[in-house]
Amino acid sequence: MSRRLAVIDGLRLVAALAVLAFHYTVAWRIDGVRLPEHFLPSTVHVTIYGFLGVELFFLISGFVICMSSWGRTLGQFFASRVSRLFPAYWAAVVLTGLVAMLFPLRGGVTDGHRPSVLDVVVNLTMLQQPLGHHSVDGVYWTLFIELKFYLIMALVLARGGLTYRRAVLLCAVWMTAAVLVPSLGSPALNALVISDFAPYFIGGIALYLINRFGPAPLLFGITGLAWLVCLARVDDRMHDLGSDVPPWPGFVIITLSYGVLLLVALGYTERIQWRWLTVAGALTYPLYLLHSRIGHTVIRAAYERLTVPVWVLITVTTLLMLGLAGLVHRWVERPLGRRLRDLVLTTPSPVRTPAVPMQPLRPRAQHIETPPVRHDSLILTIPHRTAAGPGPHPSAPPGR
């Protein structure tokens with residue numbers, strides 16, 4: 001019986017709001033000239049770590065995509081991803097493209113770039129980066145990372161479906177590549193294996209395996225290794241922000257993210273089923289897609305016409321973006337997602353009736369969910385649970 005992990009929905013909203021806070025208070029010049037620290041001296045030193053919401057998104061994505069892929073065919077996986085990603089994304093591209101063409105900004109992350117109609121059309125494919133076109137909104141770079149992760153999962157599903165053995169081997173091989181490839185000096189290969197963010201996806205996969213099959217030393221080992229590599233990646237990301245930004249809060253944030261998701265994996269949060277968390281999860285993806293360029297435009301316009309404090313402008317804009325996200329989810333994402341899923345999902349092939357054997361067969365042994373494996377193989381030893389593992393997660397992350 002499937003059930004929703006409501007705490008994950010809450011974590012996704014926390015990640016989206018953290019990224020929003022970073023973009024509104026750190027990543028641009030509110031008046032086009034002065035740094036945000038001029039307007040928000042007491043908050044910018046905290047919200048600067050909001051960019052790590054992206055890392056939390058990727059960690060959650062590893063957990064949720066592994067969960068939602070379990071027991072699905074490649075066609076079902078493709079249909080679920082298309083119907084989940086594109087409806088809200090198309091709405092965001094159109095809305096953001098119109099705003100960006102009509103109200104180009106300076107002093108923001110886009111620095112006055114006005115997208116062309118062709119840019120908007122190419123962005124609808126979600127492949128603008130490899131096609132050499134500007135993203136309508138700067139946050140879309142994470143979606144291409146997600147697409148590469150989905151491709152890796154699709155390759156596993158194409159081999160016959162996701163199993164414990166295949167998931168563990170995926171973690172082992174992918175982690176090895178993510179650690180070794182950067183030393184080879186090949187940007188193309190580095191981008192292919194997603195070296196910078198692979199440990200987050202891998203950590204999420206390992207945590208889901210703990211949730212499904214129960215605790216095991218091997219799975220804790222994979223999770224711990226992924227956490228350590230993530231800390232190294234965070235250290236590199238912190239250096240990009242400047243030498244005056246202390247890295248230790250970033251280490252704490254990533255450690256807490258792993259800790260909360262570990263509690264989810266071990267089942268300690270299953271009783272938390274607050275309805276507002278489900279609503280929060282539904283708003284997360286459209287909020288992430290819409291908040292940056294449109295929000296910057298609203299804040300700039302309000303700043304130039306009103307005399308209220310900047311923190312009030314940011315608070316009101318955040319509420320407006322949540323409302324816009326709710327409208328997109330209600331009137332675009334949900335109805336169009338259902339139609340896309342029905343359109344893309346292929347009709348299941350009829351089950352072939354096996355030929356009647358010439359000689360009677362011995363009765364087959366009763367099927368068990370966990371196949372026997374060799375006890376001398378650590379990687380292929382599957383932990384058991386007394387209760388059946390959870391079914392596929394009905395939700396999927398943004399992108400993060």
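Me: What share of the 400 residues of the chain counts as buried, and what kind of model is this?

Reply: Of the 400 residues, 50% count as buried, and since the model is a predicted one, that share is a computed value.

Me: Why is Arg84 called buried?

Reply: The relative accessibility of Arg84 is 16%, and buried means under 20%, therefore Arg84 counts as buried. Its place is in helix 5, which covers residues 74-102.

Me: What makes the pair of Arg84 and Glu333 a salt bridge?

Reply: The side chains of Arg84 and Glu333 meet at 2.6 Å, N to O, and a salt bridge asks for a side-chain nitrogen of Lys or Arg within 4 Å of a carboxyl oxygen of Asp or Glu, so the pair qualifies. This pair links distant parts of the chain, with Arg84 in helix 5 and Glu333 in helix 14, 249 residues apart. Both Arg84 and Glu333 are buried. The side chains of Arg84 and Glu333 are also joined by a polar contact of 2.6 Å, a term that takes N or O atoms within 3.5 Å.

Me: How many salt bridges does a search of the whole structure find, and how do you know that Arg12 and Asp9 form one of them?

Reply: The search finds five salt bridges. For Arg12 and Asp9 the closest N and O atoms are 3.3 Å apart, and because the cut-off is 4 Å, the pair counts. Both residues lie in helix 1 (residues 6-25), three residues apart, or about one turn of the helix, and both Arg12 and Asp9 are buried.

Me: Why is Asp31 called buried, and why is Arg34 called partly exposed?

Reply: Asp31 has a relative accessible area of 18%, which is under the 20% limit, and so Asp31 is buried. Arg34 has a relative accessible area of 34%, and because this value falls between 20% and 50%, Arg34 is partly exposed. Asp31 and Arg34 form a salt bridge, in which the closest N and O atoms are 2.7 Å apart.

Me: What makes helix 13 oblique to helix 14?

Reply: Helix 13 (residues 275-305) and helix 14 (residues 310-344) pack at an angle of about 140°, with their axes 7 Å apart. Roughly antiparallel requires an angle over 145 degrees and roughly perpendicular one of 65 to 115, so helix 13 is oblique to helix 14. Their crossing is right-handed, and by class the contact has 20 nonpolar, five polar and one charged residues.

Me: Why is helix 10 called roughly parallel to helix 12?

Reply: Helix 10 and helix 12 (residues 248-265) pack at an angle of about 25°, with their axes 8 Å apart. Angles under 35 degrees count as roughly parallel, therefore helix 10 is roughly parallel to helix 12. The crossing of helix 10 and helix 12 is right-handed.

Me: How do you know that Phe197 is buried, and where is its place?

Reply: Phe197 has a relative accessible area of 8%, and because buried means under 20%, Phe197 is buried. Its place is in the loop between helix 9 (187-192) and helix 10 (198-213). Phe197 and Glu55 are 142 residues apart in sequence and 7.5 Å apart in space, C-alpha to C-alpha.

How values were computed
Residues are numbered from 1 along each chain as its sequence is written. This is a predicted model: local features need pLDDT of at least 70, side-chain atom pairs count only at pLDDT 80 or more; totals for chains, interfaces and linings use all residues. Side-chain values use heavy atoms; hydrogens and water are left out. Helices (H or I, at least four residues) and strands (E, at least two) are DSSP runs, numbered from the N terminus. Buried means under 20% relative accessible area, exposed over 50%, partly exposed in between (1.4 Å probe, protein chains only). A polar contact is a pair of N or O atoms within 3.5 Å; within protein, one must be able to donate a hydrogen and the other to accept it, and residues adjacent in sequence count only if both atoms are side-chain atoms. Axes are lines fitted to C-alpha atoms, for helices over the stretch in contact, and angles run from 0 to 180 degrees between N-to-C directions. A crossing is left-handed if the near helix is turned anticlockwise from the far one by less than a right angle, and right-handed if clockwise. Ala, Val, Leu, Ile, Met, Phe, Trp, Tyr, Cys and Pro count as nonpolar, Asp, Glu, Lys and Arg as charged, and the others, Gly among them, as polar.
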